[in-house]
Amino acid sequence: MNKNLILLVLVVLSVSFAHSQAFEGKGDNKFQVGANLQDNGTGLNLSYDFGVGENISIGFSTSYLLSVDDVILDDAFDTRFDLRARFNANLGNVINVDENFDVYPGLSLGLKNFGGHLGARYFFSDGFGVYTEFNAPFAKYKSGTLTAAETLHNQFTVNLGMVFNL
């Protein structure tokens, strides 16, 4: 990963501009926009989470790969696109590191697989913060050997970017 990007993320995470709370429970709304990084492709990730309980949220996540390596010959939209319904257990107030920090393990059911994710958010103000997520498939819809195009969105991926309170 680029050293300048790592330095930027560390600086952003180490500075807090205002008092905020990462997850407020029932009725909380989060919108995230960021980069999706995986083998053979990079793209855009958007997600939305809605609080349905003190530590529970549901939502969706979608990714579209803008850059795909040359080994992938299939340039179809459905190869580059993924949509997932998601469930999160927001544990920021349980582990009580900082009220601006939330960690959320979760499950997702998507067009490509059933999987899980582990994410973290840190808020600098009431409306703005940064996030990162690590995603892994638990059960792929197609068994056997996957083509290079079929591995897109069907492998370990990393998302990182900005999060907003709505």
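Colleague: Which residue of strand 3 stands opposite T42?

Modeller: S67 in strand 3 stands opposite T42. The model is predicted, with local features resting on pLDDT of at least 70, side-chain atom pairs on pLDDT 80 or more, and totals for chains, interfaces and linings on all residues. Residues are numbered from 1 along each chain as its sequence is written, and side-chain values use heavy atoms, without hydrogens or water.

Colleague: What makes strand 2 and strand 3 a pair?

Modeller: Two strands pair if DSSP finds at least two bridges between them. Strand 2 (residues 41–51) and strand 3 (residues 56–68) have 11 bridges, in the antiparallel sense, so they meet that definition. With four residues between them, strand 2 and strand 3 form a hairpin.

Colleague: How do you know that strand 3 also pairs with strand 4?

Modeller: Nine bridges join strand 3 to strand 4 (residues 81–89), and the two run antiparallel.

Colleague: How many helices and strands does the chain have, and what counts as one?

Modeller: The protein chain has four helices and eight strands. The order from the N terminus is α-β-β-β-α-β-α-β-β-β-α-β.

Colleague: Why is N159 called buried?

Modeller: Buried means under 20% relative accessible area, exposed over 50%, and partly exposed in between (1.4 Å probe, protein chains only). N159 is at 2%, so it counts as buried. N159 belongs to strand 8 (residues 157–165). Leaving out residues up to four places away in sequence, N159 touches A35, N36, N45, Y131, T132, E133 and N135, where contact means heavy atoms within 4.5 Å.

Colleague: Is L109 buried or exposed, and what value decides it?

Modeller: L109 has a relative accessible area of 51% and is therefore exposed. L109 is in strand 5 (residues 101–110).

Colleague: Why is the contact between D49 and R86 called a salt bridge?

Modeller: The term needs a side-chain nitrogen of Lys or Arg within 4 Å of a carboxyl oxygen of Asp or Glu. The side chains of D49 and R86 are at 3.0 Å, N to O, so the pair qualifies. D49 in strand 2 and R86 in strand 4 are 37 residues apart.

Colleague: Which salt bridge joins D49 to R121, and what does it tie together?

Modeller: The side chains of R121 and D49 meet at 2.4 Å, N to O. R121 lies in strand 6 (residues 113–123) and D49 in strand 2, so the pair ties together parts that are 72 residues apart in sequence. R121, at 1% relative accessible area, is buried; D49, at 2%, counts as buried.
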